[in-house]
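Trainee: Could you take me slowly through the salt bridges of this model, looking closely at which side chains pair up and where they sit?

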Amino acid sequence: NIDITAEIARNKKPSVFGESSDQHPSWSHEGYRIDVSYINDNILVCSFPPTRSDVYEMKRFMDDKHKSRYRIVNVCEKSYDTSMFSTNMVTCFPTPHNGICSLTDLWNFCEFTDKWLKEEDTNGVLIHCQMGTVVSALLVSAYLIP
């Protein structure tokens with residue numbers, strides 16, 4: 001059994017995507033400027049990429065680590081330009097920041113994730129919400145429940 005909230009908290013650095021600032025210092029993961037946490041080999045979570053360069057960095061990380069066998073799931077109410085990704089690489093399930101989503105949206109997320117991950121063993125999915133914790137933890141926990 002995985003304690004998803006503890007796993008995210010343990011791996012999470014005190015930062016989000018973005019340029020260095022007093023409020024959110026940038027940090028890197030294996031040479032990438034990204035705050036990603038691996039839940040398992042195929043499921044990752046991170047915070048929302050606020051700038052185009054952060055979206056590019058997220059893409060660079062996923063391309064390098066997961067080749068073309070990944071999907072990004074944006075569960076923020078905000079969106080960003082996804083034109084640098086191939087068609088259907090980014091899917092949106094807008095969820096309020098407080099993490100309260102409808103059961104239909106929760107089901108649709110789990111169904112999408114399950115279908116993609118079962119298609120091939122090497123497939124990966126990166127889920128991101130505003131800070132990469134509350135909403136991501138809720139959705140990943142729901143998906144991981146047998």
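Mentor: The model is a predicted one, and in it the count of salt bridges comes to seven, taking a side-chain nitrogen of Lys or Arg within 4 Å of a carboxyl oxygen of Asp or Glu as the rule. Side chains of opposite charge can pair when their charged atoms come close.

Let us begin with D81 and R52, whose side chains meet in a salt bridge at 2.9 Å from N to O. This pair links distant parts of the chain, since D81 is found in the loop between strand 3 (70-74) and strand 4 (90-92), while R52 belongs to helix 2 (residues 52-66), 29 residues apart. D81 is partly exposed at 43% relative accessibility, and R52, at 48%, is partly exposed too.

Helix 2 also holds the pair E57 and R60, which form a salt bridge with 2.8 Å from N to O. Because these two residues are three apart in the helix, about one helical turn separates them. E57 counts as buried at 10% relative accessibility, as the cut-off for buried is under 20%, whereas R60, with 28%, is partly exposed.

A further salt bridge joins R69 to E119, with their closest N and O atoms 3.5 Å apart. R69 lies in the loop between helix 2 and strand 3 and E119 in helix 3 (residues 103-119), so this pair ties together parts that are 50 residues apart in sequence. R69 is partly exposed with a relative accessible area of 23%, and E119 is partly exposed at 48%. Salt bridges that share partners bring E120 into one network with R69 and E119.

Methods:
Residues are numbered from 1 along each chain as its sequence is written. This is a predicted model: local features need pLDDT of at least 70, side-chain atom pairs count only at pLDDT 80 or more; totals for chains, interfaces and linings use all residues. Side-chain values use heavy atoms; hydrogens and water are left out. Helices (H or I, at least four residues) and strands (E, at least two) are DSSP runs, numbered from the N terminus. Buried means under 20% relative accessible area, exposed over 50%, partly exposed in between (1.4 Å probe, protein chains only).
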